[in-house]
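Take a look at the model below. The text then goes through it part by part.

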Amino acid sequence: MSHAALLQTHQISKAFGPVVANEKVDFEVQPAQIHALLGENGAGKSTLMKIICGLQQPDSGQVYWKGQQCTISSPKVARAMGIGMVHQHFALFEGLSVTENIAFSIDGAVQGRTLEDQIIDLAERYGLMVEPRRPVFELSAGERQRIEILRALLLNPELLILDEPTSVLTPQEADQLFDTVRKLAANGHGIVFISHKLKEVKALCDYATVLRGGRVVGSFDPREQSTESIAELMLGSRNISTERQHRNIGEKRLQVRNLSITDHDQALHVKQMDVHAGEIFGVAGIAGNGQEVFYAGLSGEQTTTDNNAITINGTQAGSLGPNERRVLGAMFVPEERLGHAAVPQLDLLDNVLLSNISNTEATSKGFVNRRYLSAQVEKITKLFDVKHAGNKTAARNLSGGNLQKFVVGREITKQPSILIINQPTWGVDAVSAMRIRETLMQLAGTGSAIIVISQDLDELLEISDQLAVLHQGTLSPARAVQDWNIEQLGLAMTGSTSGAAA
Amino acid sequence: MIHLELRQNSNWWTSLRSITLALLITAAFSIAVLFLMSDKPADAIWQMLTFPWQGRRMEVQFGLVLQQAAYLAVIAIGLSVGYRANIWNIGAEGQFAFGSIGAYAAYLLIGSPDAAWAFPVLLLAGIIGGCLWALIPAFLRVTCNTNELLTSLMLVYVASHLLTYLCIGPLKGDPKAGQAETYPIADSVQASKLISGTELHTGLIVLLVAFVILAAILLFTLLGYRLKVAQHTPRAERFAGFSPNNTVWLSFAISGAMAGLAGAVYLTAETGKLIQAENYLENFGFAAIIIAFLGRLHPLGILLAALMISYVNVGASYIQASLQVDDSVAELIEVVALFAFLGCAVLDQYKVKFKRTTVRAAT
């Protein structure tokens, strides 16, 4: 190499059991460079950053810092070297002031001048306006992020990693952040900017590296590439198979019209969505784009006053709760297995009851039919090959894959007319995942209407008939899977079009 | 270093072991305290354990124990409903006072205290009184997201001042009485004695029936299940279609109703009139919180804990009379029992491991 890069990784590999997170990754950041790191969920971005920050050690490969080979054995070492990171999720004490929060994290590094002066100084230099004495609970997300950035800057880092920094910001706050980032780069700091939003990347970054499946699939100047080609590079050239099992598509089971709800500060807008008997309707999207509120809206965990917004099997159901929707034939599998789909401390019998409160076979007049529940546990564990140590096993003692088969099986054995399932195979071993996908296709074959929300695009392309994309809480119009191409999907998922692709 | 390791399966045997350990700790502490507080510790310990067979008639002593246990158990099982779902009503003392006030108000309103239905109407009024008072913190939590721990506790003081106000103001009875009190209620609406000479009366049967009904509901119906789900994870509660707000309303209503019933029975059976708060309220509402936890929020446990604690209480007043040992020893024992039981409950779910700490080297 002609000159020494600020940071360089050479042929870094890291595997977790059978899962390869990074494979021979070469990654290079120059001083004063704003370097975008792009990739889908699970492409290996986090692992690479954890290695650079000293949280994880590579299985093989080397890291060079200013041309010198080095071992980053812990986050402390990384900080001492001059590598700072601003995490996506803030770690701040709500009750403490800005200064107090910063003082906490920089143990003893500040000497001579008072911390407050130093904060004001840095803030002015980089346009990170904060009032040092305000308590954090009064601050907006953008202001909180500035504290995190100041915290990192006080340690004089030469390399600053920003992990999806705009995901919590308003567009105005994001613009301010970009100004700050540009000033930092102009002062010689190297910046790694992790993002899914290609528009931002093109506007801000002067270099980009794309990871896919743990490998580097491209490094280039993003300003010279089209958004389309970057999106395609991120998603890869997957073939959308046009051959699919033929299923008879029947009557309309679920209809959504102008559904607008908010749950835990996440907003959802679904203009139109129809799912028919025998159909698998895939909902793609990058994590954090409203999957949770979409699930909550369809399952009735969050209701709307507009009863017409959702129609289940011909009955208006917008204002109905989960159990009333279950009575109409809809069943639900939420994303989080422990703590949402199942109560960790309760046994399998009690966990079957969780989604059977309105099932007249399981309960009547407030009393519980334990014989029925026990038979259901038998049936589910047998049919879905759930390994467990008896009905009295607490749900938390089941492995991830087994518990997922259990919570999916719990709904499928009831032959749902509509099934809404969020991240069906997330964190599940490959065999169980395949089993779950097969089961969903069989269920559609018997005439159920199925909505699958997933971050795993391959999964959706494999099993869906219809596909729509969720971006920032808005669902795109649906199209048959064959009518999408990877480029359009990538654009929709990264928000590079405003639904104009329809 | 001491490590706690989650047990794969906890069962009745692990529970029994930790309860036994807690009892032993409590006993050891009680003995130590009696050694410090009495110049004849051996007598004090012996008399405290066997007081029903000392001196006065045995059934009188057991009557006292059962009487107190009944109030404590009924209030405690009501509180356990909320506690099972992490909803903290600690204002049973105020709900108890309001039960008494409700019953007395009903007595004043009904014209014919001799009618057969008068007594049940008083009890019903007590239930409603306690229930309404308990719904205030529920309302504040659901609408304003206030901490029910604080509001329910503060309403105890509001209720007790209100009780005193009624006794010195609008409902003031005999001015020559040595304390502020109302006129007594008619004999016809007072609970009648079951065994003469003892403190056992028909009101206690009412309390027992209420206890059994609520115990059955908790053990065998969906309500018990709903509380279990709510305790562990609010998100699963939503998944199951239970509204978390309704769980708050429900548990406050039930615990208030039980405390109110106890207050109504207390009025009709023990005092026959309202008296200024400091002479009327006997801290049942607060002691019941301890009972609920000693009994691990399980009906059977609550029953046993109520019997145990009232045995200790009656025993302590016995040795105060016979050996001049201050009966505050009972409160000490109660508190130590609470700590011992809560501490040992950890052993149900976790194994204690002693390990030498080793610093794991970074690879």
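What follows covers confidence, domains, a sheet, a helix pair and the chain contact.

This is a predicted model: local features need pLDDT of at least 70, side-chain atom pairs count only at pLDDT 80 or more, and totals for chains, interfaces and linings use all residues. Residues are numbered from 1 along each chain as its sequence is written, while chains are lettered from A and ligands numbered from 1 in the order in which they are written.

Start with confidence. The model scores ipTM 0.76 and pTM 0.74. The pLDDT is the predictor's confidence in each residue, from 0 to 100. For chain B it averages 89, and 96% of the residues score at least 70. Within chain B, helix α4 (residues 92–109) has the highest confidence, at 96. Strand β1 (residues 2–6) of chain B has the lowest, at a mean of 76. Helices (H or I, at least four residues) and strands (E, at least two) are DSSP runs, numbered from the N terminus. Residues 359–363 of chain B stay under 50 in pLDDT. For that stretch the model has three contacts beyond four places in sequence. Two residues are in contact if their C-beta atoms, placed from the backbone, lie within 7 Å.

Now chain A. Its domain assignment gives domain 1 (7–235), domain 2 (243–329 + 417–502) and domain 3 (343–415). Such bounds come from an automatic or database domain assignment. The C-alpha centres of domain 2 and domain 3 of chain A lie 25 Å apart. Their contact takes 13 residues from domain 2 of chain A and nine residues from domain 3 of chain A. On the domain 2 side, α10 and α14 (430–445) of chain A each supply at least two residues. Helix α14(A) gives the most, with five residues. By class, this side of domain 2 of chain A has six nonpolar, four polar and three charged residues. Here Ala, Val, Leu, Ile, Met, Phe, Trp, Tyr, Cys and Pro count as nonpolar, Asp, Glu, Lys and Arg as charged, and the others, Gly among them, as polar.

Next, the sheet. Six strands of chain A form an open sheet in the order β6-β7-β8-β3-β9-β10, with mixed pairing. Two strands pair if DSSP finds at least two bridges between them. Strands β6 (83–86) and β10 (215–220) of chain A stand at the edges with a single partner strand each, so one side of each is left without a neighbour in the sheet. The twist averages 20° from one strand to the next. Strands β3 (residues 34–38) and β8 (residues 190–194) of chain A pair in the parallel sense over four bridges. A:Ile34 stands opposite A:Ile191 in β8(A).

Helices lie across this sheet. Helix α5 (residues 141–153) of chain A lies across β6 and β7 (159–163) of chain A, at about 170° to β6(A). Helix α6 (residues 171–186) of chain A lies across β3, β7 and β8 of chain A, at about 150° to β8(A). Axes are lines fitted to C-alpha atoms, for helices over the stretch in contact, and angles run from 0 to 180 degrees between N-to-C directions.

Finally, the chain contact. It takes 27 residues from chain A and 17 residues from chain B. On the chain A side, α10 (322–327), α11 (348–353) and β18 (367–368) each supply at least two residues. That side divides into 12 nonpolar, 13 polar and two charged residues.

One helix pair remains. Helices α8 (residues 227–235) and α16 (residues 486–493) of chain A pack at an angle of about 100°, with their axes 8 Å apart.
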